[in-house]
Amino acid sequence: MTPEITLLALSATAIAFVHTILGPDHYLPFIAMAKARGWGMKKTLRVTLVCGLGHLAGSVALGVLGITLGIQLSSLEWLESARADFAAWMLIAFGLAYTTWGLRQAYRNRPHSHWHSHGGKVHEHVHSHFNDHAHVHSESAASGSLTPWVIFIIFVLGPCEPLIPLLMYPAALENTHGVLVVTGLFGLVTVLTMTTIVWLSLRGLASLKINRFERYYHAMAGSAILACGLGVAFLGL
């Protein structure tokens with residue numbers, strides 16, 4: 001561990017934390033889908049962890065390949081930028097499709113009334129099939145859903161832009177130990193930050209009384225993912 005590698009390791013830790021905090025696409029999709037699909041805390045954290053590791057693996061593999069083949073940093077940064085654009089548009093497409101489907105579900109599950117007669121006395125009964133039927137099956141439906149896999153694929157294809165430049169410097173010094181340290185610290189801090197934000201957010205949402213908006217959860221989740229994609233594509237988040 002040279003002084004240069006030590007400084008780079010500390011920088012990697014700080015950059016990973018800030019990069020994750022400032023990128024809502026690292027945690028907001030998991031929070032939104034957990035509420036919409038009725039995922040439990042364990043499943044949500046498991047999906048977040050797997051997607052986070054996949055997110056890192058793509059950039060690590062590309063960085064190692066570039067180091068091995070001696071590819072210039074500028075070429076790798078161009079490829080990472082192209083991957084970022086592609087992943088952003090995939091988020092936009094998925095968010096838009098899920099929002100549309102969620103609005104359709106909300107319309108189908110809108111409260112409606114029935115009139116009943118009991119011994120000549122007529123009264124109105126208002127209810128929604130969302131609470132009576134769909135909510136009961138939300139967890140089982142989510143467990144077999146393709147949604148986690150869609151998010152995983154998007155995260156694998158999406159780059160972790162700061163990682164490759166961090167890897168290139170210790171590689172240029174031919175310090176394999178430095179490459180491992182920088183990669184490990186960056187990945188550990190990124191995944192821990194993602195899962196911590198998701199855990200804290202779900203704990204906070206659990207204490208809020210927002211059940212009256214329950215039939216809009218899918219549309220809200222899709223809108224959140226759509227906003228993340230737009231933020232990445234047009235604001236560089």
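**Entry 1, the count.** I looked for ring pairs and got five aromatic pairs. My rule: rings of Phe, Tyr and Trp (its six-membered ring) pair if their centres lie within 6.5 Å, with planes under 30 degrees apart called stacked, over 60 edge-to-face and the rest tilted. I am working on a predicted model, where local features need pLDDT of at least 70, side-chain atom pairs count only at pLDDT 80 or more, and totals for chains, interfaces and linings use all residues. Residues are numbered from 1 along each chain as its sequence is written, and side-chain values use heavy atoms, leaving out hydrogens and water.

Trp89 sits in helix α4 (residues 73-108) and Phe234 in helix α10 (residues 217-235), so their pair ties together parts 145 residues apart in sequence. Helices here are DSSP runs (H or I, at least four residues), numbered from the N terminus. Next I checked accessibility: buried means under 20% relative accessible area, exposed over 50%, partly exposed in between (1.4 Å probe, protein chains only). Trp89 comes out partly exposed at 48%, and Phe234 exposed at 56%.

**Entry 3, Tyr98 and Trp101.** This pair is tilted, with 5.5 Å centre to centre and 50° between the planes. Both residues lie in helix α4, three residues apart, which is about one turn. Buried or exposed, I asked of Tyr98? I read 7% for Tyr98, so it is buried, while Trp101 is partly exposed at 33%. I also noted that ring pairs join Phe94 to Tyr98 and Trp101 in a cluster.

Key:
Helix = DSSP H or I, 4+ residues; strand = E, 2+ residues; numbered from the N terminus.
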